[in-house]
Amino acid sequence: MASATMGGGGAVAQGPSVLGTFKEWFSLADQQRTGMITGQDAVQFFTRSGLHKTVLAQVWEFADVQKRGCLSFEEFVTALRLIAFAQMTANGRPEGGLVDLQQARMALANPAFPGVPFLQGLPPPQMQPQPPPPQQQQQPQMQMQHPARPAPMPPTNATPGASPGGPVACPPGMNPQALARFRQAFAQLDTDRDGFVAGGGGFPPLRGNEEA
């Protein structure tokens with residue numbers, strides 16, 4: 001982005017289209033082809049703004065930083081931006097009222113201030129639209145996966161052959177009388193009453209019951 005020196009010091013950034021238009025206007029205003037805008041050239045060109053002559057005199061006094069009686073291109077840009085500010089604030093001043101230079105300096109020092117005046121008979125520059133702000137990408141939320149609950153373990157003191165919470169089930173092929181004898185033998189072997197028979201000592205009673 002190009003820049004032009006602002007009257008009173010500092011630099012103001014200008015877009016390429018605006019700066020190109022200001023160069024065309026400078027060439028148009030420089031009727032004597034001296035590379036400078038004389039007072040006579042400025043009067044003929046700046047009256048296109050429709051501002052009162054007292055305001056245009058203030059614009060000239062503000063932009064002619066070197067007090068040479070002519071404007072360079074950078075000073076010409078400063079004059080154009082001050083004219084744009086004067087047009088923007090014209091409703092708040094009486095006819096012929098001077099521009100508040102303190103507010104004008106603050107506006108001209110702001111790069112966001114377009115500073116493009118309306119000049120009768122001259123098309124305005126093509127303003128480049130501001131790019132839209134980048135959209136914030138939403139991070140996908142990680143779905144929390146709950147671990148599967150383990151199956152409940154059967155109680156350790158359950159009686160063999162018994163269904164949980166219900167009566168003792170009879171295995172297939174065994175009558176209730178045989179099941180009763182096995183339960184009686186299991187109760188004799190389960191001396192610590194923990195629901196289990198440890199070691200190999202339980203086989204002889206079981207075999208004896210089977211032989212019986």
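Which residues does Leu-51 touch, not counting residues up to four places away in sequence? I will come back to that in a moment, after a word on what we are looking at.

This is a predicted model, in which local features need pLDDT of at least 70 and side-chain atom pairs count only at pLDDT 80 or more, while totals for chains, interfaces and linings use all residues. Residues are numbered from 1 along each chain as its sequence is written, and side-chain values use heavy atoms, with hydrogens and water left out.

Let me begin with the overall layout. The chain has seven helices and four strands, where helices (H or I, at least four residues) and strands (E, at least two) are DSSP runs numbered from the N terminus. Read from the N terminus on, the order of elements is β-β-α-β-α-α-β-α-α-α-α. Of the 212 residues, 31% count as buried; here buried means under 20% relative accessible area, exposed means over 50%, and partly exposed lies in between, with a 1.4 Å probe and protein chains only. If we take contacts between residues at least 6 apart in sequence, 56% of them join residues at least 24 apart, a contact being heavy atoms within 4.5 Å.

Now to the opening question. Leu-51 sits in the loop between helix 2 (39-46) and helix 3 (53-63), and it touches Leu-56, Ile-83, Ala-86 and Gln-87. Leu-51 and Ile-83 are 32 residues apart in sequence, yet their C-alpha atoms are 8.1 Å apart in space. With a relative accessibility of 15%, Leu-51 counts as buried.

Next, please look at helix 1, residues 16-29. Its 14 residues reach 20 Å from the first C-alpha to the last, close to the 20 Å expected at 1.5 Å a residue, where the expected span is 1.5 Å times one less than the number of residues. The buried residues of helix 1 are Val-18, Leu-19, Thr-21, Phe-22, Trp-25, Phe-26 and Ala-29. They lie on the same side of helix 1, because they cover an arc of only 160 degrees around the axis, the arc being that of the directions from the helix axis to the C-beta atoms. On the other side of helix 1, Pro-16 and Glu-24 are exposed.

Where does helix 5 meet helix 4? Thr-78, Arg-81, Leu-82 and Phe-85 in helix 4 meet Gln-103, Ala-104, Ala-107 and Leu-108 in helix 5. Helix 4 (residues 73-88) and helix 5 (residues 101-108) pack at an angle of about 115 degrees, with their axes 10 Å apart. Axes here are lines fitted to C-alpha atoms, for helices over the stretch in contact, and angles run from 0 to 180 degrees between N-to-C directions.

Finally, the charged pairs. Side chains of opposite charge can pair when their charged atoms come close. A search of the whole structure finds two salt bridges, each a side-chain nitrogen of Lys or Arg within 4 Å of a carboxyl oxygen of Asp or Glu. One joins Glu-61 and Lys-67 at 3.2 Å, N to O, and Glu-61 is partly exposed at 49%. In the other, the closest N and O atoms of Arg-68 and Glu-75 are 3.1 Å apart; Arg-68 is partly exposed, at 46% relative accessibility, whereas Glu-75 is buried, with a relative accessible area of 7%.
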